[in-house]
Amino acid sequence: MASEEYVREIFERFDTNGDGVLSAPELKTMLKFLSMEDESVSTIMQQIDTNKDGQISFDEFLHWVFSNEVEMPPEDGWDDDNDNGDWQEHAPSSVSGCVLWCDSDIQIERSATAFKDAGLEVRAFSNPEDLLEEYQLRLQEHFATDVVAVVSSMMESGGRKEKGLMNAFGLFAACRAAIYKAGRRVSVFGVISMSADPELAYASGADVCVLGNREQMQKQVLLKLQHWSVLSGTILWCDTNSRIQIMEPFYRENGQTLLTFSETDDWIEYLTSESGASVLAVISSSMTSGGRTEKGLLGGFEGFAKARRLLDGSSRRPIFAIVSGGTYKANDSYSSGADLAICKDNSVWKDRYTDGSMWDNLSKDVISVLKKRPRLAGLADLKSKVTAGCVEAKIRKAVPMHFPSYWDAQSAGKSFSEMVPVDPNSDLGKAVAAALVQTFKRGSDGTAKSTRDRADGEKPRDFRVAQVYRVEDSHLWQRHAACRP
């Protein structure tokens, strides 16, 4: 049996961040070293983690080793100078973090293979209220594992919507409010649901929206986490007040470059260009004054939604911050996708800062959050794995979208989804009719022998097309245009 000192040496070797405990990814690496890679990490975690805090202390580990007579490598066969590469081979790439996943499927964690393969801990919840409680708990400083992502189905079934209970969008807003109150890092937010409205999802602050494909959703969230390896870059600030340029020295002193804009569409174009890869944060006023809304110009929150839509499927995930001296409320800002919000009714902001302008205070918050973002360096080399099979790995261009010329609905910067009637006698109507005719299996006399839904019994001889509709949907077309060769 190994000595306690030797067990501690092994424990400290695999405690890569030196916080005195082992996370699930660190335990996984240790199990490989102990030739126990066939064991379930979650099962072993449950055995060792006796106080159920999601991490393993040395005392818990020591008790598990001695009570189970775990076989350790010979003490004289592994030292600092010659470990035959075993430690280096299995050393984790400093990837650590936690994903909180909400779904009515209580076994949803089994679907989280991509997250787990990336070394992330996954915790599943069957309702948003419990997930929010866990999220708020993990924002406390004593938790070493950061919540890097929150993903959820819409959570509106089973009478939840009718009862007015929290759905995915309400969960995201509550998490953002908790983030600002705690002064901690920003998470990636993803929706995975067949019933989700993508446009509403982006407007509510979802960074990723995938309709039903859990693996695809995980890959796109992991793409977003790659952006966190960027530690210095560009801050975009949009305001009709040209005096925002006075903030440039502050950002320069903190290693960032500030670019200012007076129109929402202009910063979106920059963000989605090749240069936009270095953007770490976007700050905006509400951009609704001076008749802008009446003129159909994009406001700040509309800009956040459009940017999220265009960036879904890419690795870019800047912080979105709103600063407003008008009537906007902080909670409404979080519901509209702002990660940080300094508004007149924000009591947390007023308690945090006793002097300085709103611009000064928000800038300090932005820099503080950037410094606290988890250093997921190990995710940087996941790009080739993540993008393989990811059909939306390209950024959707922010240039005006060219829709088919024969569409009746044409966008003027607004999204649309229409069911357009088509004349059954038109070329398209005749093509649909011909396709229906081909669904019949016929005898030599032309009589229908069977159809897909009526193999036996009386059968119709033909279908007659009464009405044809063409779906004209801006969002679906943009997804198609972004991914085609």
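Residues are numbered from 1 along each chain as its sequence is written, and side-chain values use heavy atoms, with hydrogens and water left out. Because the model is predicted, local features need pLDDT of at least 70 and side-chain atom pairs count only at pLDDT 80 or more, while totals for chains, interfaces and linings use all residues.

Let's start with the sheet. It is open and has 5 strands in the order β9-β8-β10-β11-β12, with parallel pairing (strands are DSSP runs of E, at least two residues, and helices are runs of H or I, at least four, numbered from the N terminus; two strands pair if DSSP finds at least two bridges between them). At the edges lie β9 (257–261) and β12 (340–343), each pairing on one side only. Strands β10 (residues 279–284) and β11 (residues 319–324) run parallel and are joined by 4 bridges. Here Ile283 stands opposite Ala321 in β11.

Next comes its partner. Helix α12 (residues 264–271) packs with helix α13 (residues 300–311) at an angle of about 20 degrees, their axes 10 Å apart (axes are lines fitted to C-alpha atoms, for helices over the stretch in contact, and angles run from 0 to 180 degrees between N-to-C directions). The two helices are therefore roughly parallel to each other, a label for angles under 35 degrees.

Terms used: Parallel < 35°, antiparallel > 145°, perpendicular 65-115°, else oblique.
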